[in-house]
Amino acid sequence: MIRAAIIGAAGRMGRELCRAVLESEDLELAGGVVRSDSEHLGEDLGELCGWGRVGVAATEAPPEDAEVLIEFTTPEATVEHLAYAKPAVIGTTGLSEEQTEQVREAAGRVPIVLAPNTSVGVNLLREVVRLLSERLGGSYDIELVEAHHRNKRDAPSGTALLLARAAAEGRGVKLEEVATFGREGVAPRKKGEIGVHAVRGGAVVGEHRLLFLGDDEEVEVTHRALSRRVFATGALKAARFAATAEPGLYSMREVLG
Ligand code: NAD
């Protein structure tokens, strides 16, 4: 059994992850970390996630014997937690360049899977998008529209950036050089631009639509997450990988082979 601790255990993803670990046959819930000022500090993790009492309480730091950490919190908390120096899966999105660099630096000492989207579908879609972008060529305009629930902090989503980056890679360009995030006022489309747009509201778990708009045909690919369970399942795959990997920075590409 791999002893896993969930960092951000009281969050939407944290609770889903606790349930997924409790359901799994090869991972054991070693612990769950909540904020030091959290009302859930000391609460039974099984009760917190709606599973039923398991006798493991939410704490301020992961237990010493945790073999892998699964972190879904905020960028600030994520970089602070690099000090735990254990194999980890980081699902938190919205990390700045500087914060990503801190993760890369920590991965020199421990294995870290940095995965802004842990679903198998999105990671396959990334390959499809790269291929479509490469094969359809520059005469098709690329636009990405994503939608998420009203409480999401970062925009565009980490997944939108991952998919837009794949589209840019397909064209052999850097996303930073061609991306347009939203449009307002007089904003005619520039040649080669990749437009990225974020919709926020309601309870949408996560939707990403990639549009390849040509003069005579349009290709559209959509990924829709129906529940957070899909992310938890993928995060557990990444945790199994991280638990035995050599130090280094990995993505879901390595996890899923
Ligand atoms: P959420 O706000 O429901 O949960 C985040 C939790 O982290 C909160 O309970 C918060 O109290 C806790 N937290 C903050 N600082 C902490 C600290 N220092 N110590 C312990 N806990 C701390 O958000 P969510 O919807 O669960 O999403 C969390 C993150 O995961 C976001 O960045 C989101 O974009 C990302 N996410 C990634 C994927 C993926 O596939 N990788 C999927 C869904 C969400």
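Predicted model: local features only at pLDDT ≥ 70, side-chain atom pairs only at ≥ 80, totals over all residues.
Buried means under 20% relative accessible area, exposed means over 50%, and partly exposed lies in between, with a 1.4 Å probe and protein chains only as cover. Residues are numbered from 1 along each chain as its sequence is written, and side-chain values use heavy atoms, with hydrogens and water left out.

First, the overall form. The chain has nine helices and 12 strands; these are DSSP runs numbered from the N terminus, H or I of at least four residues for helices and E of at least two for strands. A compact globule of 257 residues would have a radius of gyration near 18 Å, and the chain agrees with 19 Å. That radius is taken over C-alpha atoms, and the globule rule is 2.2 Å times the number of residues to the power 0.38. Along the principal axes, the C-alpha atoms fill a box of roughly 60 × 40 × 30 Å. Of the 257 residues, 51% are buried. Contact means heavy atoms within 4.5 Å. Among contacts with a separation of 6 or more, 66% are between residues 24 or more positions apart.

Now the salt bridges, meaning a side-chain nitrogen of Lys or Arg within 4 Å of a carboxyl oxygen of Asp or Glu. The structure holds 24 of them. I will take three.

Glu 16 pairs with Arg 19, with the closest N and O atoms 3.1 Å apart. Both are in helix 1, residues 12–23, and being three residues apart they are separated by about one helical turn. An α-helix has 3.6 residues a turn, so residues three or four places apart point the same way. Glu 16 is buried at 14% relative accessibility, and Arg 19 is partly exposed at 26%.

Next, Glu 76 and Arg 153 meet at 3.2 Å, N to O. Glu 76 lies in helix 3 and Arg 153 in the loop between strand 7 and helix 6, so the pair ties together parts 77 residues apart in sequence. Glu 76 is partly exposed at 41%, whereas Arg 153 is exposed at 60%.

Glu 143 is buried at 9%; Arg 183, at 34%, is partly exposed. Both belong to a salt-bridge network that also takes in Asp 141, Arg 189, Lys 190 and Glu 193.

Last, helix 5, residues 120–136. Its 17 residues reach 24 Å from first C-alpha to last, close to the 24 Å expected, where the expected span is 1.5 Å times one less than the number of residues. Its buried residues include Val 122, Leu 125, Val 129, Leu 132 and Leu 136. What covers the buried residues of helix 5 includes strand 7, helix 6, strand 10, strand 11 and helix 9. After the helix comes Gly 137, with a positive phi near 80 degrees.

Helix 9, residues 252–256, contains Leu 256, which is partly exposed at 34%.
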